[in-house]
Amino acid sequence: MEPVIEPRASRFAHRVRGVRVSFEFFPPKTAEMEATLWEAIARLAPLAPSFVSVTYGAGGSTRERTHATVKRILAETALAPAAHLTCVAADRAEIDGVVRAYVEAGVRHIVALRGDPPGGVGTRYAPHPQGYRNAADLVAGIKRLADVEVSVSAYPEKHPDSPSVEADIDMLAAKVDAGASRAITQFFFDNDLYFRYLERVRARAITVPIVPGILPVQNFSQVRAFAERCGTSVPAWLADRFSGLEADVATRRLIAAAVAAEQVVDLVDRGVTDFHFYTMNRADLVYAICHLLGVRAGAGR
Ligand SMILES: Cc1cc2nc3c(=O)[nH]c(=O)nc-3n(C[C@H](O)[C@H](O)[C@H](O)COP(=O)(O)OP(=O)(O)OC[C@H]3O[C@@H](n4cnc5c(N)ncnc54)[C@H](O)[C@@H]3O)c2cc1C
């Protein structure tokens with residue numbers, strides 16, 4: 001008898017039903033950027049994300065703006081915000097003060113990070129003498145102060161400071177032991193790297209969700225420079241897809257949608273159900289990809 005092979009499109013349709021998404025925003029610097037952010041939030045909110053996160057600028061530079069953005073999300077939307085927080089350039093008392101202020105404002109989820117050195121990526125990280133030593137120490141500190149959900153970072157291609165993937169996974173294990181219940185990955189373009197990493201994480205009996213962070217490529221040259229700083233590899237096929245389109249924004253956007261669609265469809269095909277999108281405060285591409293994933297306004301999930 002011939003085996004019955006379900007067509008790929010149909011398999012995908014079955015799987016997309018359970019997909020959950022979250023969105024990351026950064027706090028705006030100007031009134032114009034604030035308007036752009038809120039347009040994006042208004043467009044994406046009906047998709048009922050599991051949570052929306054707001055980043056914390058390098059060296060705590062956006063402390064007030066992160067707080068203000070999170071507070072406005074709580075006041076004006078039904079979304080569950082997650083506030084990012086880093087250990088950089090602050091002592092424990094200051095960081096604890098930020099955590100308490102979030103909790104008082106109604107925040108129930110913190111994304112806890114070490115952060116980049118004040119001298120910038122590539123310079124040596126030295127913890128503040130009275131500060132939290134690293135992300136695991138920060139997770140433990142947050143958990144001592146409040147019963148909130150804590151997410152942390154994960155690096156499928158290893159963090160640039162880390163001597164090896166295993167050392168990176170040691171840090172992930174320490175963060176989970178300290179109370180983190182989810183890891184969100186640095187963006188990546190080669191799904192095989194994510195699955196290889198996942199295998200190594202599971203082999204260490206780390207069972208928390210390792211949610212892939214997806215960066216739709218709004219601007220390829222910016223993404224390439226950013227990827228270089230944070231240790232994400234940019235495959236030749238990706239560069240090839242954008243080559244020659246430097247002055248052609250409209251085609252670039254179509255290619256970006258196709259590239260991200262291809263990536264998430266493959267991840268769903270291989271069993272991934274949760275996605276975290278780096279929105280760069282723009283809704284369009286993310287909205288389209290969510291539509292493709294079956295994540296739609298009013299769709300009961
Ligand atoms: C999902 C996500 C969200 C982020 N949000 C923000 C944000 O809001 N604000 C911001 O400023 N940054 C943010 N970052 C970037 C992050 O702060 C940097 O990558 C930072 O350099 C590492 O912080 P971490 O908590 O990810 O690192 P950790 O998980 O603490 O460390 C990463 C790796 O580096 C190794 N390592 C750490 N310190 C040292 C050291 N001194 N010597 C040798 N190895 C070391 C660890 O062992 C580990 O392997 C984010 C990253 C991700 C993936």
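## A buried threonine

T86 is buried, with a relative accessible area of 6%; buried means under 20%, exposed means over 50% and partly exposed lies in between, using a 1.4 Å probe and protein chains only. You will find T86 in strand β3. Strands here are DSSP runs of E with at least two residues, helices are runs of H or I with at least four, and both are numbered from the N terminus. The side chain of T86 reaches the backbone nitrogen of V88 at 3.5 Å.

## About the model

This is a predicted model, in which local features need pLDDT of at least 70 and side-chain atom pairs count only at pLDDT 80 or more, while totals for chains, interfaces and linings use all residues. Residues are numbered from 1 along each chain as its sequence is written, and side-chain values use heavy atoms, with hydrogens and water left out.

## Around the ligand

Which residues come nearest to the ligand? Of the 22 residues around the ligand, they are Y56, S153, Y155, D168 and K175; a residue counts as near if one of its heavy atoms lies within 4 Å. By class, this shell holds nine nonpolar, eight polar and five charged residues. Here Ala, Val, Leu, Ile, Met, Phe, Trp, Tyr, Cys and Pro count as nonpolar, Asp, Glu, Lys and Arg as charged, and the others, Gly among them, as polar.

Now look at some atom pairs. A ligand nitrogen is 2.6 Å from a polar backbone atom of Y56, and a nitrogen atom of the ligand is 3.2 Å from a polar backbone atom of D161. On the side-chain side, an N or O atom of H84 is 2.9 Å from a ligand oxygen. Taken alone, the ligand exposes 970 Å², and the protein buries 83% of that; such areas come from the Shrake-Rupley method with a 1.4 Å probe.

A pocket is an open set of points on a 1 Å grid where a 1.4 Å probe fits, with protein on both sides within 12 Å along at least five of seven lines; lining residues have an atom within 4 Å of a point. The second largest pocket holds about 380 Å³ of space, and its lining has 15 residues, with F26, Q218, Q222, M280 and R282 nearest the centre.

Both α2 (31-44) and α8 (220-230) give two or more residues to this lining. The most come from α8, with four residues. Sorted by class, the lining has eight nonpolar, five polar and two charged residues.

How values were computed
Grid points are joined across faces, edges and corners, and a volume is the space filled by probe spheres set on the points. A polar contact is a pair of N or O atoms within 3.5 Å; within protein, one must be able to donate a hydrogen and the other to accept it, and residues adjacent in sequence count only if both atoms are side-chain atoms.
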